[in-house]
Amino acid sequence: MATRTTFFQQQSSNRRRSLLLLVSVGLILGVLGFAAGFGTTGDPFGGLWFTGGAVILAALLASGSYFAGDRVVLAASQAKPVTEASHPQLMNVVREMTLAANVPMPRVYIIEDSAPNAFATGRDPEHASIAVTTGLLDKLDREELQGVIAHELGHVRNYDIRFMLLIGVLVGGVALLADMFLRYTFWFGGHRGGRRGGSGGGGGILQLVMIVLAVVLAIVAPIAARLVQMSVSRQREYLADATAVELTRNPAGLEGALWKIGTDREVLEVANRATQHLYFTNPIKKFEERASSVWATHPALADRIDRLRELHSAPPLDEGERATLARH
Amino acid sequence: MEFIILLVILGVVVLLALVVVALYNGLVQRRLRVDEAWSQIDVQLKRRHDLIPNLVSAVRGYMEYEQETLQNVTQARADAVAAGAQGPADQARAENALSETLRSLFAVMENYPDLKANQNVLSLQEELTTTENQISFSRQHYNATVRDYNTAIATVPAVFVAGMFGFGKRDFFEADPAAQEVPEVRLR
């Protein structure tokens, strides 16, 4: 029963968080736009123009990511759709897990890459996609594959996919806009500010304050956005692991998958900083050293395995096993 | 005066009729959900019945010394097909027995390396594995709808309506005891 409450809590908190994210990103961009606009034109109305521009841009980005983000992510990862005929076992496993999770059948994609990994994306369970690499299919047995698919469907059912879609694009959007403002303020700020500066000393100081504010915000906003992305992403991974166990009733499958993926040396070519938080395990190597830091999108694999072992009262990984995972 | 009493009685009767209709509709909807959940299981059970003869004939040539295991599977399948007409409780028993014999067949098949190279056998095995899993995951959903329906027809207020219109209790599809064992842990 405990997992049920967590699931519903997670679902509603994800919806709430998605909204909060949109509002706060809109606010940050609005203030940034105003500061940059006021700072460069020396005129509050100029600031409002910039604010409007920034908020409209943010709204465009958000709705773009909401409706087309999954297609962009899939295309960027070079994922190809899968049919029943070409991959019967994969489709069977996905169908089994949709029955257990009580969600509609998602679209299934495959990525030609020998590194074992997977991700889910989409805006809700009715518009969800799951992608797995060929390496995952080759290296895992059926039960382990089931564990990974259940983990991904956990993200789908918990509405993690919507939040992750929005956050990926918005974090990128904030960085992009901040960069634009920074350049604009740098190039035009001095010039126009100087011309208007003669009209009044008070306005000049206020204008200078605005320029400083815009610069500081433009530097801080992308960092703050990324920190939020990282911390919420880690908690989600633990919860999706727990959901996978609830669905498959088999912690050993997921545990075996984590172990195999953790000791695999291949690097996923198509993953990048913008899509890393979507994956089953972090696709960017040299990751484990930083896993406990605030920048990591996923918890350390050893910690994920230990939590699974706790569920069926198995002893945690010993030093040697942890070292094996860390070496890869 | 009499007219008012008549009107009140009429109002009460109409109100009662409305309540009965609402309760009746609620029960019908719940019963429909049970039927839907059952058909989800039933499709998979039928599919399994259809697949088993194919598997048996595909492996028979390889497994000359395992005729008894194959015979058990065939017999259990025939029993399960026959139990199909006797309702979920009996059918669950027969199907669980069938799962048991299939499990031992799969275990014996491990000893025949030739079988692992046979693409036809492998795909039949995969199909049987997925039907088995789909049955067990659909079972949870089915049992939940049965529990909901059985509770509704046995509790006030719907219990009166259920008695009037003959809504009977539905059977659970009991889980296979072997499938509920805690899975063995293996790493590496």
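1. A residue is called buried if 20 or more other C-beta atoms lie within 10 Å of its own, exposed if 12 or fewer do, and partly exposed in between, with C-beta atoms placed from the backbone. By that test, buried residues make up 26% of the 188 residues in chain B. In chain A, they make up 47% of the 328 residues.

2. Some ground rules come next. This is a predicted model, in which local features need pLDDT of at least 70, side-chain atom pairs count only at pLDDT 80 or more, and totals for chains, interfaces and linings use all residues. Residues are numbered from 1 along each chain as its sequence is written, while chains are lettered from A and ligands numbered from 1 in the order in which they are written.

3. Now the overall make-up. Helices (H or I, at least four residues) and strands (E, at least two) are DSSP runs, numbered from the N terminus. Chain A has 10 helices and four strands. Along its sequence, chain A runs α-α-β-α-β-β-β-α-α-α-α-α-α-α. Chain B has six helices and zero strands. Its pattern reads α-α-α-α-α-α.

4. Chain B is more spread out than a compact globule, because its radius of gyration is 24 Å, well over the 16 Å that the globule rule gives for 188 residues. The radius is taken over C-alpha atoms, and the rule is 2.2 Å times the number of residues to the power 0.38. Taken along the principal axes, the C-alpha atoms of chain B fill a box of roughly 95 × 40 × 25 Å.

5. Look at a helix pair in chain B. Two packed helices are described by the angle between their axes and the distance between the axes. Axes are lines fitted to C-alpha atoms, for helices over the stretch in contact, and angles run from 0 to 180 degrees between N-to-C directions. Helix α1 (residues 2-60) of chain B packs with helix α5 (residues 119-154) of chain B at about 160 degrees, and their axes are 8 Å apart. The two are therefore roughly antiparallel. Angles under 35 degrees count as roughly parallel, over 145 as roughly antiparallel, 65 to 115 as roughly perpendicular and the rest as oblique.

6. The crossing of α1(B) and α5(B) is left-handed. A crossing is left-handed if the near helix is turned anticlockwise from the far one by less than a right angle, and right-handed if clockwise. By class, the contact of α1(B) with α5(B) has 19 nonpolar, nine polar and eight charged residues. Here Ala, Val, Leu, Ile, Met, Phe, Trp, Tyr, Cys and Pro count as nonpolar, Asp, Glu, Lys and Arg as charged, and the others, Gly among them, as polar.

7. Chain B also has a cis peptide bond. It joins V156(B) and P157(B), with omega about 5 degrees. P157(B) sits in the loop between α5 and α6 (158-165) of chain B.

8. Turn to chain A and check helix α8(A). It has 12 residues and reaches 16 Å from its first C-alpha to its last, close to the 16 Å expected at 1.5 Å a residue. The expected span is 1.5 Å times one less than the number of residues. α8(A) is mostly covered, with 11 of its 12 residues buried. Among them are P251(A), L254(A), W259(A) and I261(A).

9. What is the partner of α8(A)? The axes of α8(A) and helix α9 (residues 301-311) of chain A come within 10 Å and cross at roughly 165 degrees. That makes α8(A) roughly antiparallel to α9(A). α8(A) passes α9(A) in a left-handed crossing.

10. Helix α5 (residues 142-157) of chain A has 16 residues that should span 22 Å at 1.5 Å a residue, and its end C-alpha atoms are 22 Å apart, which agrees. Of those residues, 14 of the 16 are buried, so α5(A) is largely enclosed by the rest of the structure.

11. Y159(A) follows α5(A). It lies in the loop between α5 and α6 (160-197) of chain A. Its phi is positive, about 65 degrees, although Y159(A) is not a glycine. Is Y159(A) buried or exposed? Y159(A) is buried, with 21 other C-beta atoms within 10 Å.

12. R249(A) also has a positive phi, near 55 degrees, and is a residue other than glycine. R249(A) lies in the loop between α7 (201-248) and α8 (251-262) of chain A. With 16 other C-beta atoms within 10 Å, R249(A) is partly exposed.

13. Last, F119(A) is found in strand β3 (residues 118-122) of chain A. F119(A) counts as buried because 27 C-beta neighbours lie inside 10 Å. F119(A) and S129(A) are 10 residues apart in sequence and 8.4 Å apart in space, C-alpha to C-alpha.
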